[in-house]
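Hi,

Here is the structure I said I would pass on. Have a look at it first, and my notes follow below.

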Amino acid sequence: MRAERPAAPADRRTVTLSFAGFDRAWAAWIGDLLERRGQRVAYLRWEPSADTPLSALLQDLGPGPVLLVLSGRYFDQGAHTSQEWAQALRGLAAVERSRFTAVSVTASAFPSAARALTPIELAGLSAPEAERRLLDRLDLPPDPVGQNPAGAEHRPRYPATAPEVWGAVPRRNTRFTGREEKLAEVHQVLQTAGTVTLYGMSGMGKTQLATEYAHRFGPEYDVVWWVNADNRVTCRRQLAELAPRLGLLTGQEYGERLRAVRDSLRRGEPYPRWLLVLDGADDPDQVGDLVPTGPGHVLITSRNPEWSEHGSGLLEVGVYSRAESVAFVRRRAPRLTGAEADRLAQALDDLPLLLDQTAGWLTDSDLSVEEYIGLLGSGIDSAVVRVSADFPLAFETAWSMLLHKLRETVPESIDLLRLCTFFAPGLIPVDLLQDMPREGLPPSVANLLTDPALWSRAVGQLRRFSVVRVERYEAAPEREFLYLHRLVHQFVHKDMPDDDRHEFVDVVRRALAAADPGRPSTPADWPVYAEIVPHLTYARGLDSTDAKVQGLVLNCLRYLYLSGEYGAGVELGERAATAWRGLLGESHPLIWELIYHYANLLRASGDYHRTMQIERAAVRRLQRERGERDPDLLRTLGGLAADLRGLGQYEEALELSERVLANSRAVFGEEDTRSLNALNNVAVSLRLLGRYREALDLDRKTMEARRRLLRAHHPWTLNSELAYAVDLRLLGRYSEAEAIQERNLWAGHEALGADSPQSLRAGHGLAMCRYLAGDLEGAARHFSRALERGERVLGEEDPLTLIFAVGQSCFVREHGDAELAGELGEAVIARYEATLTAGHPYTVGARANHALVLRRAGERDAALALAEATLSDMTTALGPAHPWTLGCALNASAARADAGDAERALVLSGDTVTGAALALGPGHPFSVAAQVALAADLRALGRQTEADDVERRALAVLMADFGGHHPLTVSARARARPYWDFEPQIT
């Protein structure tokens, strides 16, 4: 709720006047009545929040007396049911009766529970009688206190009394919804500027807004006069017709009457308070000189923002807010739910005219909203919208008339407009057109792009009728954009001759291709690709056989992969594959290039099964047609190995990666970037198999070679540094890992931006390092930042986001919110089960983490059962010697000890010590943790001497490697039972 006037000081008793915006005139009249009796009044427009109980909203209206101005509109605000209203009003009547008073200003029915407040009925009464009843109920004196300094002539008129002169104003739309802030803004600006122009494109409801203003604020005026100002002749005639209504004695000639009217309005005689509405005044040069001056107000509706050059204030009327759209649709079509109204509003871009016509159509139709939206997908026309009485000119008809006018006045504006429809709706970068090569352009476009005066004239004409809007941004003020609304885009595109269609689409394709920087792996060029990608579909770029356009498509796919826009990339790749197979055939070289990029995007989004199907088919075909050392085959085999890693088939992936590496070195040499990519992939497979030392050696070699061949901040170099830091951390070399990881994070931010997948991974990696170092505050900050940005940039179900969720869950389980840890962990498990398999190592590892949540919650039996199950499943998936299996064993031994099964706990912890020493080395932090667990199990069985000996050796290693203050040393010295957290790795 927002106050229209400042509230009175808190130390003075104030009457709060609560009213719906529709009933503002009543509020103004009642408030004036109270103020002239010495009362202070706070005006509060009623805009209830749907999330707050009505009783609380009403209680919070004011600390003192509250006067409710009731009408049907008061109860229509918000989405509260009649039952909620009944309960709230009965509560007021029972508990707050002395503080609340109600007046009814309508003869229409509203909730019967309001009768409990015994509202004063004002509708249909004369002004004196209404005043008497109100003052009697409020126990106020019949005569004013003192003299109103404003004078009687400036007091609000009794709302049931029409202005002295009321002419040609359209009937009030009883379904008018929203626009409260805009109405208040119009009223405010008129008080200072005197003239206000409501401008915007067709269908925004400018005339509706002006009509509502005239009715709502009409009681403030002596004269309200409406003029159709779409042409000078009509405007002059209707202005002149005001003369006899003002009591002016003139002849019959329009010019004489017009001069008399303007003079009368200028002097404010006989009426100082007047409102003149000029509706549809799109040409200020034609009618601008007819706008009167004086003490009154002029309200203009127009598609033309050039009224600002004629001394008028400007207020743009855009689409509804979503809340306004939903409220309007539900008022127009009551059978729709809030969710259905929201979907309809989204489909129609919140455009008022289409919402009105569509909701009207749905009122009499038994179609569901989803079925109706499906019809809209094939185009908006008279088959799916219906003209309403409130908006008498159908949207399509209005635009057809406007396009005809543009064609007659500045034909080049139509060419420019049609050209724009082969870009995506919304912002169209002008420099893409103006910077393109001019050779071979059709004459209409060539003239536009080579003649600045002609371009300015065409753009100016489109702006004049609010067909486009010119936008510039502070960051790049030299760049100009044309904004074209989606529905305008649709209508113009639909109404285009085929010859123009072929010409213009070719021009836009060429413009997009010319704008291609040719460097999709260079982050500095990503903003260019981000600008180009949305336009590819509308320019039908996938249907082009032009080599430059095809190269642009591939570069866009590469950009989408590197920048983390996987969803958009998969969609573009799928459509491109379908289109190119039809254009080029299955064996064309570009098909293999496309498949590579498409598969990368699918894999990055976690769709390993689908990617593997695509790549196995490609491998079979390439092997048959080209042989084992074909570059396309090697690249596809590398992708297939990545799919195998994603599906948990690590041994097979390693074998295939080593085969690709050997053949790549034979074909390209060891220092070629393709061979280095293959070397990197071997290291990934080794890391997933728990062979961390071997992975570290290969990642170091790859990193050094990439630094030599590429550059320090190249994405591949940064990726190698990140992999190297992860290897160090997994080997227990925490301080080295943190130093590299911190440098890598800031280098990634500088080179790729804070929200690139590479930077998000680096931030998460630094969180892990800080956590291991005992910097809980730093770890918490980086964990939460990585997850928040991952969810926002990549989506909640992206494989990388799931990795971040696992890290955050483990951290908050131990140092925050165990309930949140459980929620995050369960969500990860559900996603892994849906996209992978129940026996996939990641699914098993996520369950192992959840067993720790159960253990911390004291659910020992459930924790033991789950820990034992994950140990068995991980052994089946990866074998008993894998570090992840050993981690599950460490947790299961703790669960056994918690359950009182000391013997079995000892057996398992002893086996874990032996296995960890073989897999990771006896001095690895995990091996030492296993020793601490073994000492605890020995001690539980009374074998104190053995326990002390094992514990002493473990502490000696920790002291030597980390010092006495490291969290691992402190925890071991305190004899806290160690645990293992599963950490998914990038595949």
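**The second largest pocket**

The lining of the second largest pocket draws at least two residues from each of α32 (715-730), α34, α35, α36 (799-815), α38 (841-856), α40 (883-898), α42 and α44 (967-973). Helices here are DSSP runs of H or I with at least four residues, numbered from the N terminus. Before going on: this is a predicted model, where local features need pLDDT of at least 70 and side-chain atom pairs count only at pLDDT 80 or more, while totals for chains, interfaces and linings use all residues. Residues are numbered from 1 along each chain as its sequence is written, and side-chain values use heavy atoms, leaving out hydrogens and water.

Back to the pocket. It holds about 1200 Å³ of space. It has 47 lining residues, and L772, L968, Y979, W980 and D981 are the closest to its centre. Which helix gives the most to this lining? That is α36, with six residues. By class, the lining has 31 nonpolar, eight polar and eight charged residues (Ala, Val, Leu, Ile, Met, Phe, Trp, Tyr, Cys and Pro count as nonpolar, Asp, Glu, Lys and Arg as charged, and the others, Gly among them, as polar).

A pocket is an open set of points on a 1 Å grid over the protein atoms alone, with protein on both sides within 12 Å along at least five of seven lines; a cavity is a set where a 1.4 Å probe fits but cannot get out, and lining residues have an atom within 4 Å of a point. A volume is the space filled by probe spheres set on the points, which are joined across faces, edges and corners.

**The cavities**

There are six cavities of 30 Å³ or more. The largest cavity has about 100 Å³ of space. Its lining takes at least two residues each from α33 (734-752), α34 (757-773) and α35 (776-793), and α35 gives the most, with four. Among the lining residues are W746, H749, H782 and R785. Sorted by class, that lining has five nonpolar, four polar and two charged residues.

**A helix pair**

Now for α42 (residues 925-940) and α43 (residues 944-962): their axes come within 8 Å and cross at roughly 155° (axes are lines fitted to C-alpha atoms over the stretch in contact, with angles from 0 to 180 degrees between N-to-C directions). So α42 is roughly antiparallel to α43 (angles over 145 degrees count as such). In α42, the residues that meet α43 include V928, L934 and L938 (contact means heavy atoms within 4.5 Å). The residues of this contact divide into 12 nonpolar, two polar and five charged.

Cheers

Terms used. Parallel < 35°, antiparallel > 145°, perpendicular 65-115°, else oblique.
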